Amino acid sequence: MTIDKFEFYHGAVLTKLINFGEKLSIQTFPSESNATFTINGNIGIYIKYSAKRMTPWVFTFKKIHQVELKAISELHKETFLVMVCGSDGITCVNYKRLKKLLDDNFDLAEWVKAHRYRREQYQLSGSDGELNYKIPKKNFPEEILSAVKKHSI
């Protein structure tokens with residue numbers, strides 16, 4: 001049995017979440033992209049990856065991906081886009097911040113770009129805007145685990 005490339009990248013995200021010391025329940029969320037998971041029944045994550053070795057890392061969003069993300073956000077208390085930037089690291093933004101990068105007018109294809117110089121934080125921009133602040137490397141998995149604690153059942 002071969003291992004698909006996306007399985008490597010998804011595995012990196014899930015391993016980081018599991019090994020951070022929190023007790024988590026992770027389920028696949030039925031979707032066309034096979035990139036969506038539910039954590040502890042109320043936090044959604046959507047994983048994108050770029051196999052590119054160096055900055056910038058560009059993540060393409062087809063209209064169907066954005067529709068799926070919106071639907072996931074409506075079914076969970078909080079939803080995050082998790083971006084694997086090659087072997088450099090993983091960063092994430094919640095759905096509300098993602099809307100600053102990709103608005104609610106879903107084009108056929110749009111993009112989000114993560115850029116990071118050595119020893120610096122991630123700068124995110126997208127088809128429809130950019131964040132006016134940088135994201136620390138440690139925000140993943142801390143931001144997601146913070147949301148898990150906040151929304152514990």
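Does glutamate 120 count as buried, partly exposed or exposed, and at what relative accessibility?

*Solution.* Start with the ground rules: this is a predicted model, where local features need pLDDT of at least 70, side-chain atom pairs count only at pLDDT 80 or more, and totals for chains, interfaces and linings use all residues. Residues are numbered from 1 along each chain as its sequence is written, and side-chain values use heavy atoms, with hydrogens and water left out. Next, take the cut-offs: buried is under 20% relative accessible area, exposed is over 50%, and partly exposed lies in between (1.4 Å probe, protein chains only). Glutamate 120 has 36% relative accessibility, so this residue counts as partly exposed.

**Exercise 1.** Find the salt-bridge partner of glutamate 120, then work through two further salt bridges.

*Solution.* Step one is the criterion: a side-chain nitrogen of Lys or Arg within 4 Å of a carboxyl oxygen of Asp or Glu. A search of the whole structure finds 4 such bridges.

Step two: glutamate 120 pairs with lysine 134, with 3.3 Å between the closest N and O atoms. Glutamate 120 sits in the loop between E7 and E8 and lysine 134 in the loop between E9 and H4, 14 residues apart. (Helices, H or I with at least four residues, and strands, E with at least two, are DSSP runs numbered from the N terminus.) Lysine 134, at 38% relative accessible area, is partly exposed.

Step three: aspartate 88 meets arginine 116 at 2.7 Å, N to O. Aspartate 88 is in the loop between E5 and strand E6 (89–94) and arginine 116 in the loop between E7 and E8, so this pair ties together parts 28 residues apart in sequence. Aspartate 88 is partly exposed at 23%, while arginine 116 is buried at 10%.

Step four: glutamate 143 and arginine 97 meet at 2.0 Å, N to O. Because glutamate 143 belongs to helix H4 (residues 139–150) and arginine 97 to helix H3, the pair ties together parts 46 residues apart in sequence. Arginine 97 is buried, at 15%.

**Exercise 2.** Classify the aromatic pairs in the structure.

*Solution.* Rings of Phe, Tyr and Trp (its six-membered ring) pair if their centres lie within 6.5 Å; planes under 30 degrees apart are stacked, over 60 edge-to-face, and the rest tilted. There are 2 pairs to classify.

First, tyrosine 9 and tyrosine 49 are stacked, at 4.4 Å centre to centre and 5 degrees between the planes. Tyrosine 9 is in helix H1 (residues 5–18) and tyrosine 49 in strand E3 (residues 43–50), 40 residues apart.

Second, tryptophan 57 and tyrosine 122 have ring centres 6.2 Å apart and planes at 65 degrees, so they are edge-to-face. Tryptophan 57 lies in strand E4 and tyrosine 122 in the loop between E7 and E8, 65 residues apart. Both residues are buried.

**Exercise 3.** Trace the open sheet and name its edge strands.

*Solution.* Strands pair if DSSP finds at least two bridges between them. Here 4 strands run in the order E4-E7-E8-E9, with antiparallel pairing. The edges are E4 and strand E9 (129–130), each pairing on one side only. Strand E8 (residues 123–126) is joined to E9 by 2 bridges; serine 125 has glutamate 130 in E9 as its bridge partner.
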